[in-house]
Amino acid sequence: DTRTLVTGLATFEDAITYAEDVVTIGTTVCSSKVKAGYEFDKIGQPAPTAITARGVSINVYYTRITAPVVKNKTWADGGVGRPGEGDVSIALERSVALATEKDKDFNPGTPNPAITDNAWTYTWPELPTHTTDGVLYIYKMVEKENAKVVPNGGKVKIGGMTYTVSYDGAGNVTNTLDTGTLKITKALKDATAEESDAFTFTVGNVPDKFDTKNVSGGTAALSGKTLTISGVKQDVPVTIKNLPVGAYTVTETGVPEGKTYTTKVGEAETISASVTIEKDQQATLAFTNTRTGVTEFTVKKQWVDGNNTSPDVTVRFTATANGAVIPWEHLGLELESPQVQTVRAMKPTLKLEKLPAYDGEGNLI
């Protein structure tokens with residue numbers, strides 16, 4: 001009440017002195033009655049010429065409260081690796097308490113990111129804490145894809161990988177990589193197999209940030225988008241965990257040196273197969289290798305009879321593997337009379353070529 005304050009003031013000097021006393025008293029009063037979102041700044045008075053017979057003008061100044069807005073982005077990806085900061089699209093939304101709509105005209109500016117391993121921090125400096133009417137602002141960081149906000153529980157593709165996006169009550173974002181497991185089994189039909197025998201596989205279309213620590217059952221190396229797994233032994237499965245969902249091609253590219261095999265995936269005779277990894281599921285490819293090879297067999301008939309008459313001779317062939325007789329037709333040979341051949345007198349050497357060296361179980365014939 002300025003009328004009370006100026007009672008008895010006769011000169012400019014008296015008024016100024018009194019006004020300075022008001023500053024001391026008024027600071028406490030003004031700070032205790034400040035509106036939400038503001039803080040008391042100062043009390044100022046004009047130059048003495050502004051003092052009139054009615055009193056002294058006292059100006060009270062308040063400052064709007066601002067504070068940095070800090071939001072976190074967490075990568076839950078099982079060690080597969082993170083995309084680059086430029087591959088991610090985020091935005092800050094603002095709304096007021098109890099309101100259902102966001103502030104569409106809000107432009108917070110560019111945040112200052114702090115990029116670490118699996119936790120990224122974004123800071124928007126000095127944003128108001130309340131509206132001009134003293135209502136609390138709520139800030140929320142959101143993920144975007146193609147300029148659209150990804151809803152809670154929605155999917156976003158970053159760097160060729162699919163993530164599930166979730167938001168917490170504090171406006172932070174978590175990206176959980178959608179992954180599954182690939183299992184490669186190896187069965188070997190080879191009676192000549194040795195403990196050192198090892199096979200090699202490649203898996204194509206693997207993200208170039210995939211962590212090879214997720215591979216067991218062989219030695220893994222990643223080059224570009226090709227994962228090579230060497231040293232694979234029979235009856236020791238290869239397991240690839242945390243493999244991002246998607247389609248992959250698995251190929252057997254190496255067998256023990258000096259040996260040949262037929263390869264089946266399931267019932268199909270092939271060295272390569274496609275597989276689709278689904279979230280939280282395990283896909284299995286079963287590779288079976290059977291030892292193969294070819295040999296030849298030569299029969300030479302020589303007569304020691306003191307004369308020049310050497311008759312034709314009929315010979316019979318028998319094939320066995322692991323002590324069991326193999327039907328001649330199972331060897332796949334095209335002979336006029338299976339098992340029985342004639343050694344001609346005029347050509348006493350008979351040679352059979354491209355004989356299979358191993359049976360269907362890898363036993364030597």
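Glu252 and Lys186 form a salt bridge (a side-chain nitrogen of Lys or Arg within 4 Å of a carboxyl oxygen of Asp or Glu), with 2.3 Å between the closest N and O atoms. Glu252 belongs to strand 18 and Lys186 to strand 12 (residues 179-189), so the pair ties together parts that are 66 residues apart in sequence. The model is predicted, so local features need pLDDT of at least 70 and side-chain atom pairs count only at pLDDT 80 or more, whereas totals for chains, interfaces and linings use all residues. Residues are numbered from 1 along each chain as its sequence is written, and side-chain values use heavy atoms, with hydrogens and water left out.

**Salt bridges**

- By this rule the count comes to nine salt bridges.
- Both partners of the pair described above are buried (under 20% relative accessible area, with exposed meaning over 50% and partly exposed in between, for a 1.4 Å probe and protein chains only): Glu252 has a relative accessible area of 5%, and Lys186 one of 4%.
- Lys259 meets Asp190 in a salt bridge at 3.2 Å, N to O; Lys259 lies in the loop between strand 18 and strand 19 and Asp190 in the loop between strand 12 and strand 13, so the pair ties together parts that are 69 residues apart in sequence.
- Lys259 also forms a salt bridge with Asp197, where the closest N and O atoms are 2.7 Å apart, and this pair links parts of the chain that are 62 residues apart.
- Lys259 is buried at 14% relative accessible area, as are Asp190 at 8% and Asp197 at 11%.
- A network of salt bridges links Asp190, Asp197, Lys259 and Arg291.

- Strands (DSSP runs of E, at least two residues, numbered from the N terminus) pair if DSSP finds at least two bridges between them, and five of them form an open sheet in the order 15-16-13-18-21, with antiparallel pairing.
- Strand 15 (219-223) and strand 21 stand at the edges, each with a single partner strand, so one side of each is left without a neighbour in the sheet.
- Strand 18 (residues 246-254) pairs with strand 13 (residues 199-204) over five bridges, with Val203 opposite Val250, and six bridges join strand 18 to strand 21 (residues 272-277).

**The six-stranded sheet**

- An open sheet of six strands has the order 14-17-12-22-19-20, with mixed pairing.
- Strand 19 (residues 260-265) and strand 22 (residues 282-292) are antiparallel over six bridges, and Thr263 has Asn289 in strand 22 as its bridge partner.

How values were computed:
Helix = DSSP H or I, 4+ residues; strand = E, 2+ residues; numbered from the N terminus.
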